[in-house]
Amino acid sequence: MDKLPLTSQDVLAEKIDLMRAEFPEVFVEGKIDFERLKMALGEFVDNSRERFGLTWSGKGEAIRNIQTPSQGTLLPVPEQSVHFETSENLILEGDNLEILKILQKSYHGKIKMIYIDPPYNTGNEFIYKDNYHVSLNDYLRYSGQVDGAGFKLSTTVDTDGRYHSKWLNMMYPRLFLSRNLLTDDGIIFISIDEIEVAKLRLICDEIFGEENHIADLVWQNKKGGGNDAKYVAVEHEYIVMYAKNELALHHLFEPYKPEYLQRYKEQDTQGKFYWDTFKRKSGKQYYPITCPDKTVLQFDEYGNPISWLRSEERFKSDVEQGEIKFVRVSNKWSVHFKQRLPQGKKPRSIFFQESIITDKGTTSAGSGQLLQLFADNVFPNPKPVDLIKHLIGFSTQAEDYILDFFAGSGTTGQAVLEMNRETGSKRKFVMVQIPEPIPNPDFPTLTELMKERMRRVLSLHQAVEGIGFRVFKLSSSNFKLWNPAVADKERLEVQLRLFVNNVVEGRTALDLVYEVVLKSGLPLDVQVAAVHIGEAVVYVVDQGLLMVCLQSAVTPGLIQWIVEQRPLQLVCLDRAFMGRDSFKSSVKVELESQGIEFRTI
Ligand SMILES: C[S@@+](CC[C@H](N)C(=O)[O-])C[C@H]1O[C@@H](n2cnc3c(N)ncnc32)[C@H](O)[C@@H]1O
C-alpha cells in the first residue's frame with residue numbers, strides 16, 4: 001500500500017528523472033556515468049581548467065542544502081487569521097528555506113510573481129543561520145518551540161572574513177527553490193543595493209539563466225541631504241528582475257492612469273476608442289477621399305495636397321470595417337477614425353522621484369505609510385506600498401499568486417489588498433517571515449506586527465466579505481518519522497511501539513489535514529469541510545478532490561460512503577487498519593477499481 005511521503009519534494013530526484021528521460025544511455029545501474037555523459041554531450045563539454053563563474057566559500061554546501069528535504073510542516077492557526085475558512089491569502093511564519101522546501105510540491109509552477117527584499121548585507125542585520133542537516137531543529141529552538149530557546153542569531157558582521165560568502169550561502173538555496181515555484185511566464189523581482197548587487201546578478205544568472213535577465217530597475221529611494229556621504233550621495237537602489245522563461249513571458253504593460261483613460265469615451269465590440277481626425281499635418285500619404293455627397297477631399301484651402309494618417313489601401317479597409325466616419329461641420333467635411341486604446345505602456349527602468357511615477361515614493365514614504373497605520377515607528381525602512389503596487393500592476397493579473405519570502409512588515413500584503421480593492425482583482429499573497437524578535441512592547445515579533453498590519457488594512461477596507469488571511473506556522477511533522485537508521489533490536493522495538501500511534505501528541509485534526517493537503521500537493525488556500533457520517537468525520541478537501549479520514553478504525557460503511565462521493569484521493573491513518581490486513585487489501589482493491597488513489601499516513 002502506498003504511504004503518503006512525509007518529507008518535502010525531493011528536488012534532485014525531479015531533475016534526475018528529467019536526465020533519465022533525455023539521456024537514458026548515461027545511466028549505469030541507476031547512477032550517472034560521467035564519461036558517457038561527456039560523450040553524449042559532445043562539443044558542449046567545457047574541459048578547460050579556467051571557467052567563467054562565481055564561487056565562494058561554502059557554495060557546495062549551499063547546493064547540498066537545496067537537496068536535503070524538509071521534514072517539517074505548516075500548522076494552521078485559525079485564531080490569528082481573518083476569515084480563515086474563506087481566505088486565499090497566506091501568512092507563513094518561519095524560516096523561509098524550510099518553508100520554500102515545504103511548498104515545492106503544492107506551489108510548483110503556480111506563482112506568477114515573486115518580490116523579495118532580502119537583508120542587504122549591511123553588516124548588522126539578522127540572518128538566520130542555516131545548518132542544513134539540522135535546520136528545522138535550529139529553527140524550532142530559535143523560535144522557542146522546543147527546549148533550549150535563546151538560540152543565538154547570526155549577523156553578517158565581518159569577523160571571520162566570510163562576509164559575502166555568508167550572504168551568498170543564505171541567498172543561493174532560497175533563490176534556487178523559489179524559481180521552481182514560478183509559473184512559466186512568471187517573474188521575480190529582488191530589491192538590493194550597491195553592496196551585493198554585483199554578486200546577486202551573478203548567482204541569478206546561474207540560477208535563472210543569463211538569457212532570462214530582463215532589467216535592473218533603478219529606484220530613487222532617497223532625496224535631499226546626503227552631504228555626509230564619503231564621496232557620492234547614492235540616492236538609488238536596484239530591483240533586479242528575471243523571468244522564469246523569457247520565451248514564455250507576455251508583454252508587460254503598466255496600467256493606464258484614470259486621467260489618460262478619460263479621452264477614450266466610446267466603446268464597441270473591440271474595446272474603447274475616441275474619434276480622432278484622419279488628416280495629418282506631416283506625412284506623405286496623398287490620395288483623394290470622396291465624401292458621402294461626392295465632395296472630393298484632396299487639397300487644403302491653400303491648394304496643398306492633404307496627407308492622411310494611413311495608406312489608401314488601409315483607408316478603404318477601415319471604411320469597410322466601420323473604423324471611419326465623415327463629419328460635416330459648417331458645410332465642411334472632415335474625416336475621422338477610431339483612435340483605439342493601445343494595449344498599454346511599457347514599464348520604464350528608472351523610477352524617478354519627480355517623474356510620472358513620483359507616487360512610487362521613497363523609503364521615507366514607506367515609513368510614513370506604516371506610521372499612518374500604527375502612529376508609531378514600528379519597523380525601520382519598509383518599502384513604499386506604491387512601489388510594490390507598481391511592480392504587481394505590470395507583472396500580474398486578476399487571480400495570480402504573489403509571493404514574498406522576506407516579507408518583513410508585510411508591505412507586499414498591503415499592496416495586494418489595495419490593488420484588489422482598487423481594480424476589483426483577486427490577486428492572492430503568500431508572505432513568509434521568520435518571527436524575528438523586535439523591541440516593541442505590543443508586538444514581540446515581526447510576524448505579530450505584520451498580522452496586525454494586515455488586520456488594520458483590512459478594517460480600512462471595511463472588511464469586504466470573506467477577505468482576510470490564513471496564518472500557518474512552521475513546525476515539525478505531525479507524524480513521527482520512522483528512523484531507518486535505528487539498528488539495534490531494543491530501540492527498534494521502542495520505535496515499533498511508538499508507531500502504533502504515529503501522531504505527535506497535542507496536534508489537532510486540522511493540523512493533520514493540512515499536512516496531508518501539503519504533502520498531497522494541494523495549495524494551502526483550498527477549502528476544507530468536515531463532514532459527519534454517523535460517528536465518523538471525513539474532511540472533504542477542495543470540493544471532494546481529496547478526502548482525509550482520521551478515524552482510528554475505518555468501517556466498511558464509511559468506505560462505501562467515500563466511494564459514492566467519488567474523490568480522486570483518499571488518505572487514512574495507518575493505524576485505522578492495524579491488524580486488519582485483509583480488510584485493508586480489499587479496501588485498496590475496491591477504491592482503486594473506482595479510480596480513487598488510496599494512501600495511508
Ligand atoms: C529588509 S526586510 C523586508 C522588509 C519588507 N520589504 C517591508 O517592506 O517591510 C527583510 C526581512 O527578511 C527577514 N528574514 C531574514 N532571514 C529570514 C529567513 N531565513 N526566513 C524568513 N525571513 C527572514 C528579516 O526578518 C527581515 O524582516
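These legends go with close-up views of helix ends and helix pairs in a predicted model. Local features need pLDDT of at least 70 and side-chain atom pairs count only at pLDDT 80 or more, while totals for chains, interfaces and linings use all residues. Residues are numbered from 1 along each chain as its sequence is written, and side-chain values use heavy atoms, with hydrogens and water left out.

**View 1. Aspartate 10 caps the N-terminal end of helix 1.** Here a side-chain oxygen of aspartate 10 sits 3.2 Å from the backbone nitrogen of leucine 12. Helix 1 itself covers residues 11–22 (helices are DSSP runs of H or I, at least four residues, numbered from the N terminus). Its 12 residues reach 18 Å from first C-alpha to last, close to the expected 16 Å (1.5 Å times one less than the number of residues).

**View 2. Both ends of helix 2, residues 34–41.** At the start, aspartate 33 puts a side-chain oxygen within 3.0 Å of the backbone nitrogen of glutamate 35. Just past the helix, glycine 42 takes a positive phi of about 50°.

**View 3. Helix 3 (residues 59–67) crosses helix 6.** Their axes come within 9 Å, at roughly 35° (axes are lines fitted to C-alpha atoms over the stretch in contact, with angles from 0 to 180 degrees between N-to-C directions). The crossing is right-handed (the near helix is turned clockwise from the far one by less than a right angle). Lys59, Ala62, Ile63, Asn65 and Ile66 of helix 3 touch Asn169, Tyr172, Pro173, Phe176 and Leu177 of helix 6 (contact means heavy atoms within 4.5 Å). That's seven nonpolar residues, two polar and one charged (Ala, Val, Leu, Ile, Met, Phe, Trp, Tyr, Cys and Pro are nonpolar; Asp, Glu, Lys and Arg charged; the others, Gly among them, polar).

**View 4. Helix 6 (residues 163–181) packs on helix 7 (residues 197–208).** The axes are 10 Å apart, at about 35°, and this crossing is right-handed. Helix 6 brings residues including Trp167, Leu168 and Tyr172, and helix 7 brings Leu200, Ile203 and Phe208, among others. The contact holds 11 nonpolar, two polar and three charged residues.

**View 5. Helix 12 (residues 411–423) meets helix 13 (residues 446–460).** The axes come within 10 Å and cross at roughly 15°, which means that helix 12 is roughly parallel to helix 13 (angles under 35 degrees). The crossing is right-handed. Among the residues in contact are Leu417 and Arg421 of helix 12 and Met454 and Val457 of helix 13.

Key: Helices (H or I, at least four residues) and strands (E, at least two) are DSSP runs, numbered from the N terminus. Angles under 35 degrees count as roughly parallel, over 145 as roughly antiparallel, 65 to 115 as roughly perpendicular and the rest as oblique. A polar contact is a pair of N or O atoms within 3.5 Å; within protein, one must be able to donate a hydrogen and the other to accept it, and residues adjacent in sequence count only if both atoms are side-chain atoms.
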